[in-house]
Amino acid sequence: MSDPSPPSGWPPRDPDTPHRGPAAHQGAGTRPYAAPGGPDRRGRHKRTGWRRLVPGWRLALGTVLALALLVGGALVAGYYLVDIPPANAAATAQSNVYLYSDGTQLARDGEVNRVNVTLAQIPRTVQEAVLAAEDRDFHSERAVDPKAMLRAAWNTLTGKGRQSGSTITQQYVKNYYLGQEQTINRKAKEFFIAIKLGREKSKAYILEGYLNTSYFGRNAYGIQAAAQAYYGKDVGRLTTAEGAYLATLLNSPSTFDVATHPRSRDRALARWNYVLDGMVKKQWLTQAERAATAFPEPGRIRPAAGLSGQRGYLVEAVKDHITERGILDEKTLSAGGYRITTTIDRRRQADLVEAVTDRMLTRLDPAARPVDRFVRAGGVSIDPATGKVLAMYGGIDYTRQYVNNATRHDHQVASTFKPFVFAAAVENRSRTQDGRPITPHTLYNGDNKRRVTGTRVSYAPENEGRQSYGDITVTTATDLSVNTVFAQMVVDVGTDRVKQTAIALGIPENTPNFTAGPAMALGTLQASVLDMAQAYATLADHGRRTPHTFIEKITRGGDTLPLPDRTPEQAVSREAADTTTSMLLSVVDNGTGTAALAAGHPAAGKTGTAEEDRSAWFAAYTPTLVTVVAMMGQDPDTGTPQSLYGALGEARIGGGGYPARIWAQYTRSALEGTDPVDFDLDLQPGAAPSPPPPPLPETPRPPGEPTAPEPAGPSDRPEHPTGGPEEDGRQDGDPDQDGQTSGGNRGGTDDPAPDTGGGSGHTGPGGIGGLFRGATGGHGTARDTPGGGDGDGPHSRPRPPSAYLE
């Protein structure tokens, strides 16, 4: 029987201790057992858990030293390998070529306007203003500022806005030696060239070069060209205030040009004040001098002769589109060499210019009627399915009037905003104060100066001509543009909801005077013609908004630039858009927009006339083409808005007059050769029109009673009570009717339209026809009163004074 005891010299084993083999025990030729986490044979504790992932201080120090050596070696290599190159192409800028959509040339710009001057010719305060704007520590700092570069990169990455961390030396290198491309390779070269230039050239040399190569807008390269472009004087005669404004322009040349972009005036003034405050902070300007400094208004732009007619307006609109969407920045675009294919259809562009000329310009007579000097016009035509801008009318001539009437934001849109109120009502399934759903057949009280209920704001707008209508349907209120109905509706829907719907349709949120309130329903905001065309294009495309564009393609040197995504999105429901369209069809058929019937195509639209007739609008569309036309009053000397009373020989200028006639002629030409297409509409429940009433049995006349004559057309309608023109803005027998009557059927037939109210009731000749509207058969009260609406047709008496739009 064997002895179970362990051999001599072995320690006894505790049965509760895990067996680890001979190496786990002390004995001859063995090492002590090290417990997990305990010290190793050198006395160091082993890392366990997450600590094993953290490098030791020796490894960390070694890594830092290796990186430092690597970066230092790269900097040294870069400094010696990168040479100062010759002047780049931007220093002798090329032309940009703008093309129509068919590839034919529209315009060419980019001819260099630069006159170099010495630093001694530039007033000291002008130099200091530039430094206060761009690089206040220029004279004491190094050629590059790594901390500023990192800070700018961080701010850009964290969404605080795209910022520049470049010193003036780096900007000069970019302007003169390299280019404006935002690439890592260009930034690396800029870094090394700036360091080398800072070591080899004086601060005076760099500042002089910077001032002679910087772009100031208005095609002006360098401070001397800018002094002439903005103030018509040599740089040596610039005041401190003027120098500060030119320094302001360096940040964003076109945006801060208060003459061409008046809505950016507040931002420009803030930047100008920042420059002057910086001069005070650096003790380059005393506090007393600062307080006495007034903003120096720049002079008018003097466009290049090659941009005469509509070309200048189109080119500037395209350039703004490119820079505002970040496709290229302004300095890069101004360097030239780009081939820009636009969406402008050459034939339709000519059609729009011809329509404005035929229907308006040829009838102006400033010698006989001084008010004709104030008449301006703007127009935009868009393909609703693609968002492409097909034509644009900016003004009489870019070299004579440089402000683009199609993109300006200083005239109220008036009643063309009302369809957005109704679209918001359908979109939000809104109800009246007493709980009735809002549809085209909903009754509202249309009495003049009826106080809006449901709001703490005391508001009781006037109707045009101070007309009262009693209870009328929304359709009738739209046909005649009754202010009191829509002022109540915007409160029923909710002013914030209406504003959000308008933004969804395409009205920019930062539009001037875009305030949520009851008056918003009457069009107090100052949207541009282009903005309104975008919003109406969304309605035309069944509520689907495709962002508009002027650009088909941009190429340079064989490379094609990427363009922003324009994926359509459903802004409002199809039901909301289509039901709104159904009511706008009635405006053209029966309401204030009957002049549009001359186009010969089914159309939906809305007229609008602003306070004191300072602007008149017609926004309308067929299923395939959206066009907005506006007339505006502006003093050509002061630029202030003016009334158009008496212009073109008419007592009143309304949207249903000249703007609608221009629209009709253009649309007829633009759609020539295409068949009329009806709208395909999906309406909200309860919005479908009621069937027309059955014809009444003919009552036999007593023998010998004379037969009443049949209506013979517009000339047989009752005259306006004051003897003035008819409500649709046309005189009887006006050749502008193009053979159309003002009756209700689309396409210009002579048959009267059925009453849109759906019930029985009296109607004047030709349906509503713009002058008379009868009862809506169960939906309203019978009446034989002149239509007022928003005044979209001239009256022989002046408009009653009113604090609101019509």
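Before looking at any helix pair, I note that axes are lines fitted to C-alpha atoms, for helices over the stretch in contact, and that angles run from 0 to 180 degrees between N-to-C directions. I also note that I am reading a predicted model.

**Entry 1, a helix pair.** With that in hand, I looked up helix α14, residues 418-427, and helix α17, residues 495-505, and found that they pack at an angle of about 105 degrees, their axes being 9 Å apart. Since angles of 65 to 115 degrees count as roughly perpendicular, α14 is therefore roughly perpendicular to α17. I then asked which residues of α14 and α17 meet. On the α14 side I listed F420, V421, A423 and A424, and they meet R497, V498, T501, A502 and L505 of α17. Sorted by class, this contact of α14 with α17 holds seven nonpolar residues, one polar and one charged.

I followed an open sheet of five strands, whose order is β2-β1-β3-β9-β10 and whose pairing is mixed. At its edges stand β2 (105-109) and β10 (559-560), and because each has a single partner strand, one side of each is left without a neighbour in the sheet.

Going strand by strand, I saw that β1, residues 96-99, runs parallel to β3, residues 339-342, and that three bridges join them. Along this pair I noted that V97 has R339 of β3 as its bridge partner, while L99 stands opposite T341 in β3. How do β3 and β9 run, parallel or antiparallel? They run antiparallel, and four bridges join them. Here R339 turns up again, this time opposite T555 in β9, so I keep a reminder that strands of a sheet pair through backbone hydrogen bonds, either parallel or antiparallel.

Lastly, I looked up helix α11, residues 311-324, which lies across β1, β2, β3 and β9 (551-556). Helix α11 runs at about 75 degrees to β2.

Conventions
Residues numbered from 1 in each chain as written. Predicted model: local features only at pLDDT ≥ 70, side-chain atom pairs only at ≥ 80, totals over all residues. Heavy atoms only, no water. Pairing = 2+ DSSP bridges. Helix = DSSP H or I, 4+ residues; strand = E, 2+ residues; numbered from the N terminus. Contact = heavy atoms within 4.5 Å. Parallel < 35°, antiparallel > 145°, perpendicular 65-115°, else oblique. Nonpolar A, V, L, I, M, F, W, Y, C, P; charged D, E, K, R; others polar.
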